[in-house]
Amino acid sequence: LGYSKEEITGMNFIKMHPHNKVLDAATKFNDAVSGKESVFILPLLTNTGMMFTVETRLVKGNWNKQDALIATCREMNRI
């Protein structure tokens, strides 16, 4: 998506989605926080504002001995 390590570190996952999809992304995020595995297709924004349609899988897990939500995204096609 073209973000530098500094840009993406600490970035809110929901802000990586277009404005008209923020509520959808937030709903899926909340599902994952509550322990449900969440798989969905929504666009993500690059650092230049381009959109890519991706399938995202959010799961609750552990990263560096801390609770975390882990997201994996797979590009579907370009918008």
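This is a predicted model: local features need pLDDT of at least 70, side-chain atom pairs count only at pLDDT 80 or more; totals for chains, interfaces and linings use all residues.
User: Why is the pair formed by Phe13 and Phe29 called stacked?
Analyst: The structure holds one aromatic pair. The ring centres of Phe13 and Phe29 are 6.3 Å apart, and rings pair if their centres lie within 6.5 Å. The planes stand at 25 degrees, and planes under 30 degrees apart count as stacked. The pair of Phe13 and Phe29 is therefore stacked.

User: What makes this a pair that ties together separate parts?
Analyst: Phe13 lies in the loop between helix 1 (5-8) and helix 2 (22-33), whereas Phe29 is in helix 2. The two parts are 16 residues apart in sequence, so the pair ties them together.

User: Which residues form the largest nonpolar core, and what makes them a core?
Analyst: The eight residues are Phe13, Ile14, Ala25, Ala26, Ala32, Phe40, Leu42 and Leu58. A nonpolar core requires buried residues joined through side-chain atoms within 4.5 Å. Helix 2 and strand 1 (38-45) are the elements that give two or more residues to this core, and helix 2 gives the most, with three residues. Apart from this core lies another, of six residues, among them Tyr3, Met16, Leu44 and Phe52.

User: What does Phe13 touch beyond its neighbours in sequence?
Analyst: Leaving out residues up to four places away in sequence, Phe13 touches Ala25, Phe29, Phe40, Thr56, Leu58 and Ala71. Of these contacts, Phe29 is the partner in the stacked pair.

User: How do you know that Thr56 is buried?
Analyst: The relative accessible area of Thr56 is 0%, and the limit for buried is under 20%, so Thr56 is buried. Thr56 lies in strand 2. Beyond four places in sequence, the contacts of Thr56 are Phe13, Ser38, Val39, Phe40, Ala71, Thr72 and Cys73.

User: Why is Glu55 called partly exposed?
Analyst: Glu55 is also found in strand 2. Its relative accessibility is 22%; buried would need a value under 20% and exposed a value over 50%, so Glu55 counts as partly exposed. With neighbours within four places left aside, Glu55 is in contact with Val39, Phe40, Ile41, Thr72, Cys73, Arg74 and Met76.

User: What makes Ser38 a buried residue?
Analyst: Ser38, in strand 1, has a relative accessible area of 3%. Buried means under 20%, so Ser38 is buried. Ser38 touches Lys28, Asp31, Ala32, Thr56, Arg57 and Leu58, not counting residues up to four places away in sequence. From Ser38 to Thr27 the C-alpha distance is 9.7 Å, at 11 residues apart in sequence.

User: Why are Asn64 and Lys65 called exposed?
Analyst: Asn64 has a relative accessible area of 65% and Lys65 one of 80%. Exposed means over 50%, so Asn64 is exposed, and so is Lys65. Asn64 lies in the loop between strand 2 (51-63) and strand 3, and Lys65 is placed in the loop between strand 2 and strand 3.

User: What is to be said of phi at Asn64 and Lys65?
Analyst: Phi is near 50 degrees at Asn64 and near 65 degrees at Lys65. Each is a positive value in a residue other than glycine.

User: How exposed is Asn47, and why is it given that label?
Analyst: Asn47 has 38% relative accessibility. The loop between strand 1 and strand 2 holds Asn47, which touches Leu1, Gly2, Tyr3 and Glu7, residues up to four places away in sequence not being counted. Asn47 and Met16 are 31 residues apart in sequence and 8.8 Å apart in space, C-alpha to C-alpha.

User: What lines the largest pocket, by class?
Analyst: The lining has 11 nonpolar, two polar and no charged residues. The volume of this pocket is about 390 Å³. Of its 13 lining residues, Ile8, Thr9, Gly10, Met11 and Met16 are the closest to the centre. Strand 3 (residues 66-78) gives the most to the lining, with three residues.

How values were computed. Residues are numbered from 1 along each chain as its sequence is written. Side-chain values use heavy atoms; hydrogens and water are left out. On a 1 Å grid over the protein atoms alone, a cavity is a set of points where a 1.4 Å probe fits but cannot get out, and a pocket is an open set with protein on both sides within 12 Å along at least five of seven lines; lining residues have an atom within 4 Å of a point. Grid points are joined across faces, edges and corners, and a volume is the space filled by probe spheres set on the points. Helices (H or I, at least four residues) and strands (E, at least two) are DSSP runs, numbered from the N terminus. Ala, Val, Leu, Ile, Met, Phe, Trp, Tyr, Cys and Pro count as nonpolar, Asp, Glu, Lys and Arg as charged, and the others, Gly among them, as polar. Rings of Phe, Tyr and Trp (its six-membered ring) pair if their centres lie within 6.5 Å; planes under 30 degrees apart count as stacked, over 60 as edge-to-face and the rest as tilted. Buried means under 20% relative accessible area, exposed over 50%, partly exposed in between (1.4 Å probe, protein chains only). Contact means heavy atoms within 4.5 Å.
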